[in-house]
Amino acid sequence: MEKKELINSGKVKSVFNTEKDDEVIIEFRDDMTAGDGARKEVMDKKGAYNAVISAKIFNVLEENGVETQFIDLPEVNVMLAKKLDMIPIEVIVRNIATGSLVRRYPIEEGKKLDPPIVEMDYKDDEYHDPMLNRSLIRALDIATDEEVNILAEKALKINEVLTEFFKDAGIILVDFKVEFGKDKDGNILLGDEISPDGCRLWDAETLDMLDKELFREGKDSEVMDAYVEVYNRIIPDDEKVI
Ligand code: 5GP
């Protein structure tokens with residue numbers, strides 16, 4: 001698959017056109033950022049670990065009836081994907097209270113959230129991803145009421161599937177962020193990535209963090225070991241490529 005012109009360069013991924021109108025190549029770079037891009041470091045092989053972890057998770061979701069943009073992983077840090085018109089909403093699902101939730105609301109750190117909280121943020125670093133509600137989404141004209149229902153339903157289904165998937169690997173899925181987009185026929189598909197960059201993953205026994213929160217806390221030297229640990233636990237030996 002030939003890489004054509006760059007169509008979007010995000011904080012950690014670059015998206016390129018291909019010779020097919022409805023497919024893109026997504027390159028996972030080794031950049032790691034925090035604070036809406038205010039802090040940035042390069043972490044060796046980070047792009048590859050996130051791409052392989054995302055590909056595995058997208059495959060697991062597809063097997064469980066969640067449609068994703070994933071087509072193939074031709075190189076360890078390169079994903080071939082269906083081209084989507086991305087919806088600028090970060091859908092966040094929370095199973096345990098932590099992070100910005102406990103900073104913004106009087107909810108006890110570590111409280112189990114059953115049913116999970118579904119939150120939607122406006123994806124825009126300039127505005128620091130502010131939280132949305134239905135009337136704001138309508139006013140911003142970014143999704144219809146029906147589409148908001150679909151996003152919430154899909155995010156909860158993803159939570160169900162991945163909570164079990166990570167549990168089998170001895171990992172607690174604390175919370176995560178997903179993004180969706182529309183394919184050429186208007187179907188809403190899961191896009192972007194699901195990796196330790198956008199999930200809180202805790203070791204089920206020690207409750208050690210295995211995700212980007214380490215970097216957000218300035219523990220830069222520990223972060224890649226955590227990503228490798230997640231990779232080793234969820235990628236079977238015969239699928240290991242890094
Ligand atoms: P919080 O709102 O507590 O900071 O984050 C909740 C969850 O969503 C965490 O798993 C976090 O990684 C993810 N998340 C929220 N916003 C972003 C974002 O802008 N980028 C990434 N990569 N993850 C996010």
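**Notes on the ligand site, a helix pair and a hairpin**

1. Start with the ligand: 14 residues sit around it, and the ones that come nearest are Arg94, Ser100, Asp175, Arg200 and Arg216. Keep in mind as you look around that this is a predicted model.

2. In Ser100, an N or O atom of the side chain is 2.5 Å from an oxygen atom of the ligand. For Arg200, the corresponding distance from a side-chain N or O atom to a ligand oxygen is 3.0 Å. Asp129 also has a polar side-chain atom 3.1 Å from an oxygen atom of the ligand.

3. Now for the helices. Two packed helices are described by the angle between their axes and the distance between the axes. Take helix H1 (residues 46-63) and helix H6 (residues 220-234): their axes come within 10 Å and cross at roughly 30 degrees. The crossing of H1 past H6 is left-handed.

4. Which residues in H1 and H6 meet? From H1 come Lys46, Tyr49, Asn50, Val52, Ile53, Lys56 and Ile57, and from H6 come Met224, Tyr227, Val228, Val230, Tyr231 and Ile234. Sorted by type, the residues of this contact of H1 with H6 are 10 nonpolar, one polar and two charged.

5. Last, have a look at the strands. E6 (residues 70-75) pairs with E7 (residues 78-82) in the antiparallel sense, over three bridges. Together E6 and E7 make a hairpin, with two residues between them. To find your place in the pairing, go to Phe70, which stands opposite Ala81 in E7.

Notes
Residues are numbered from 1 along each chain as its sequence is written. This is a predicted model: local features need pLDDT of at least 70, side-chain atom pairs count only at pLDDT 80 or more; totals for chains, interfaces and linings use all residues. Side-chain values use heavy atoms; hydrogens and water are left out. Axes are lines fitted to C-alpha atoms, for helices over the stretch in contact, and angles run from 0 to 180 degrees between N-to-C directions. Helices (H or I, at least four residues) and strands (E, at least two) are DSSP runs, numbered from the N terminus. A crossing is left-handed if the near helix is turned anticlockwise from the far one by less than a right angle, and right-handed if clockwise. Contact means heavy atoms within 4.5 Å. Ala, Val, Leu, Ile, Met, Phe, Trp, Tyr, Cys and Pro count as nonpolar, Asp, Glu, Lys and Arg as charged, and the others, Gly among them, as polar. Two strands pair if DSSP finds at least two bridges between them. A residue is near a molecule or strand if one of its heavy atoms lies within 4 Å of it. A polar contact is a pair of N or O atoms within 3.5 Å; within protein, one must be able to donate a hydrogen and the other to accept it, and residues adjacent in sequence count only if both atoms are side-chain atoms.
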